[in-house]
Structures are given as structure tokens and as C-alpha cells.
Amino acid sequence: MRSGLVRLIAGALAAMLLLAAVTAAALWTDRLARVRHESDVATGGVGARAIPIMTANGCSGCHTIAGVPGAQGQVGPRLDGSLAGRVYIGGVLANNPENLIRWIRSAREINPHTAMPSTRITEQQARDIAAYLYALR
């Protein structure tokens, strides 16, 4: 009788732990989706399209970029969750979506002495990259 009660309690505890884990995973997924949506809206981009754009344009050669395969560059700053909290972009522009988009497209027109090239990618591509980067929180 006692071993049956112990098994029943152990089963109930296991079920409760599983439910807690599933709930935590759902909350984390909802948070990630909300952050991505907010970043997309703020920039006018779609962060989900950014990785191939960054790869094709050589961003990973200079930057370490969270979530981008092979992006282990050491020339430019790390592009990770700290970007959203930085005060300046490129040391000269206030950190906001429009300035980040400008910087991604035309860094040398803003600061001729920067190592960052003017990529000349489309505005939409820059918006997509900005959305991805701001979602890395």
C-alpha cells in the first residue's frame, strides 16, 4: 500500500514538473516572438530575412554576430544583445532604428574614417538586418 502511494506522489510530482517546464518554454517562446515583432515594427524590417543578407554581404567577416553561422569576425564590434542598449552607433550616431539603417547602408558617408564599408544594400535589406540585430536581447 505504501509503495503505491509513493508511486502516486512521484507520478504527480513528475507531472507537475513537466507542466512547469512546458509552461516556462511557452512563456519564453512568447517573449521571443514579442521581441522579434517589436523589432520588426520599430525598423520596418523582417528580422527573419537578415541572416542570408548578412552572409551574402560579408558582415560576418568583420563582426561576431549572435545566431549567424560562421560570424566570428574580430574587426568590428560584437553584434549581440548589447546593441539595443548602446548609446551610439559607430561612435557618432544616436542609437535608434533609422540611424542604424543609415549606418548599415552608408557608414563611410557618415564617418569617412570608419572601417565599416558603405554596403550600398537596399533600404529594405538594411531594415531587415536592423530588425534582426535589435531582436537580439
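Modeller: Ala, Val, Leu, Ile, Met, Phe, Trp, Tyr, Cys and Pro count as nonpolar, Asp, Glu, Lys and Arg as charged, and the others, Gly among them, as polar. Keep in mind that this model is predicted.

Colleague: What makes the residues lining the second largest pocket nonpolar, polar or charged?

Modeller: Take the lining residues in turn. Arg36, Asp40 and Arg137 are there, and Arg and Asp count as charged. Gly47 also lines this pocket, and Gly counts as polar. The tally is seven nonpolar, one polar and three charged.

Colleague: Which helix gives the most to that lining?

Modeller: Helix 1, with four residues. Helix 5 supplies at least two. The space itself is about 230 Å³.

Colleague: How do you know what kind of residues line the largest pocket?

Modeller: The lining divides into 19 nonpolar, seven polar and one charged. Of its 27 residues, His63, Pro77, Leu79, Trp103 and Met116 lie nearest the centre. Helix 4 gives the most, with three residues. The volume is about 470 Å³.

Colleague: Why is Ile9 called partly exposed?

Modeller: Its relative accessible area is 45%. Buried means under 20% and exposed means over 50%. Ile9 falls in between, so it is partly exposed. Ile9 lies in helix 1, residues 2-43.

Terms used: Residues numbered from 1 in each chain as written. Predicted model: local features only at pLDDT ≥ 70, side-chain atom pairs only at ≥ 80, totals over all residues. Heavy atoms only, no water. Buried < 20%, exposed > 50% of the residue type's maximum accessible area, 1.4 Å probe, protein only. 1 Å grid on protein atoms, 1.4 Å probe; cavity = no way out; pocket = protein on both sides within 12 Å on 5 of 7 lines; lining within 4 Å. Points joined across faces, edges and corners; volume = space filled by probe spheres on them.
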